[in-house]
Amino acid sequence: MSKLIEVLLGNLWTQRITFACMGLNLQSKKGKVLQTPVLYGIMFLATGFELCTVCAFMVQHRNQIVLCSEALMHGLQMISSLLKMAIFLAKSHDLVALIQLIQAPFMNRGDLGVSEWRSQNRWGQLMAAVYFMMCAGTSVSFLLMPVALTMIKYYSTGDFAPVSSFRVILPYDVTQPNIYAMDCCLMIFVLSFFCCSTTGVDTLYGWCALGLSSQYRRLGLQLKWVQKPSDFSGSDLGLSSFFAEHARLLKLVNHFNTSFMEIAFVEVLVICVLYCAVICQFIMPHTNQNFAFLGFFSMVVTTQLCIYLFGAEQVRLEAEGFSRQLYEVIPWQKLSPQHRRLLIFPLQRAQRETVLGAYFFELGRPLLVWIFRTAGSFTTLLNALYAKYETP
């Protein structure tokens with residue numbers, strides 16, 4: 001049983017499963033991530049089709065704030081999934097290379113910091129599995145609750161009147177049972193794409209952030225090992241390889257920023273309005289509302305936000321702790337003036353703040369506060385408009 005759990009919590013287990021469900025392979029030896037283009041194309045096109053129907057509904061009901069905000073919630077999540085997967089495929093080569101670079105220092109069991117990395121990785125995979133269950137619960141409740149209500153109504157009254165959680169305008173008549181069944185099959189592809197793309201991309205970002213944090217902790221352990229000898233008369237004080245590792249880690253952080261910048265930017269832009277739309281569904285309820293879906297979806301949106309912002313915050317704090325440790329551990333009082341002048345350059349570079357960004361956004365706790373404030377402002381505005389124009 002323990003071996004099974006160890007396998008399930010192994011490197012990128014959740015990510016590999018979710019990407020494989022969309023026809024992608026993170027560990028392709030040939031460098032080609034897209035393994036099943038037909039499956040991925042069907043999911044992508046089905047989601048794009050449903051997005052068009054949601055937009056048509058929003059245009060037709062643009063004067064009804066509650067219905068429009070509910071459709072906006074679905075539309076924004078589909079836009080987010082489509083954009084993030086398109087960016088992921090465009091940058092798949094860089095992202096696969098990033099995964100390999102993060103894993104490289106921890107490949108052998110006896111390497112420095114391996115136990116710390118494995119502990120972090122197990123915790124990260126456990127959180128990824130929980131996040132996957134949230135996304136799966138969102139998808140299942142979105143589809144099964146309306147189907148169950150439709151069947152109950154049909155068997156109790158004999159009338160086939162489909163219930164839907166989706167605010168859409170479809171080009172076909174779903175009141176016919178065979179067309180309704182076809183529409184449910186189409187929704188399976190759409191909801192699978194939402195579940196797998198959201199889980200895969202978001203948890204991959206969180207896994208990479210944990211990898212960067214572990215590498216900063218590994219540098220701290222390496223610094224302690226370097227400073228064990230008491231002889232500081234050497235020309236490089238035994239720190240040449242250490243600063244080479246630090247330079248490699250700084251390049252890795254830049255690689256991370258370059259690879260995930262567009263994905264994080266889409267996430268920050270979408271999440272403000274998405275949070276507002278979710279809150280509106282609770283404070284401005286209406287009939288035929290799927291509260292099971294809303295509960296799961298609220299947890300997904302909140303967790304999604306925490307993965308990006310707290311992951312970036314953890315990397316920043318680990319880098320800050322390393323820079324403080326670098327100053328405290330090196331015995332400056334025993335060094336010659338020449339050595340002190342040489343070490344001042346890497347020390348100054350280590351003191352510079354490590355930031356994971358998304359173009360003009362800096363991910364971290366301040367951005368989290370800004371997003372909550374912005375979502376709150378949008379919600380207050382919509383609630384005031386609803387009270388003025390739609391409340392009888």
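In which kind of crossing, left-handed or right-handed, does helix 5 pass helix 8? Select both helices: helix 5 passes helix 8 in a left-handed crossing. A crossing is called left-handed if the near helix is turned anticlockwise from the far one by less than a right angle, and right-handed if it is turned clockwise.

Before continuing, note that this is a predicted model, in which local features need pLDDT of at least 70 and side-chain atom pairs count only at pLDDT 80 or more, whereas totals for chains, interfaces and linings use all residues. Residues are numbered from 1 along each chain as its sequence is written, and side-chain values use heavy atoms, with hydrogens and water left out.

**The whole chain**

Colour the model by secondary structure. The chain contains 11 helices and two strands, arranged along the sequence as α-α-α-α-α-α-α-α-α-α-β-β-α. Helices (H or I, at least four residues) and strands (E, at least two) are DSSP runs, numbered from the N terminus. Of the 392 residues, 49% count as buried. Buried means under 20% relative accessible area, exposed over 50%, and partly exposed in between (1.4 Å probe, protein chains only).

**Two helix pairs**

Two packed helices are described by the angle between their axes and the distance between the axes. Return to helix 5 (residues 92–103) and helix 8 (residues 240–283): they pack at an angle of about 150°, with axes 10 Å apart. Helix 5 is therefore roughly antiparallel to helix 8. Axes are lines fitted to C-alpha atoms, for helices over the stretch in contact, and angles run from 0 to 180 degrees between N-to-C directions. Angles under 35 degrees count as roughly parallel, over 145 as roughly antiparallel, 65 to 115 as roughly perpendicular and the rest as oblique.

Next, select helix 3 (residues 37–60) and helix 4. Their axes come within 9 Å and cross at roughly 150°, so helix 3 and helix 4 are roughly antiparallel to each other. Helix 3 passes helix 4 in a left-handed crossing.

**Salt bridges**

The structure holds 10 salt bridges, each being a side-chain nitrogen of Lys or Arg within 4 Å of a carboxyl oxygen of Asp or Glu.

Select Lys84 and Asp202, whose closest N and O atoms are 2.9 Å apart in a salt bridge. This pair links distant parts of the chain, with Lys84 in helix 4 (residues 65–90) and Asp202 in helix 7 (residues 177–226), 118 residues apart. Both Lys84 and Asp202 are buried.

Move to Glu262 and Lys91, a salt bridge with its closest N and O atoms 2.8 Å apart. Glu262 lies in helix 8 and Lys91 in the loop between helix 4 and helix 5, 171 residues apart. Glu262 is partly exposed at 21% relative accessible area, whereas Lys91 is buried at 16%.

Now select Glu320 and Arg316, a salt bridge at 3.1 Å between the closest N and O atoms. Because they are four residues apart in helix 9 (residues 291–329), about one helical turn separates them. Glu320 and Arg316 belong to a network of salt bridges that also links Glu313, Arg324 and Arg365.

**A surface patch**

Finally, show the surface and select Trp123, Leu126, Met127 and Val130, which make a nonpolar patch of about 370 Å². Patches are made of residues with over 30% relative accessible area and no salt bridge: like charges are joined within 9 Å, and nonpolar side chains (Val, Leu, Ile, Met, Phe, Trp, Tyr) within 5 Å. Accessible areas come from the Shrake-Rupley method with a 1.4 Å probe; for residues, only the protein chains shown count as cover. Val130 lies in helix 6 (residues 114–157) and counts as partly exposed at 37% relative accessibility.
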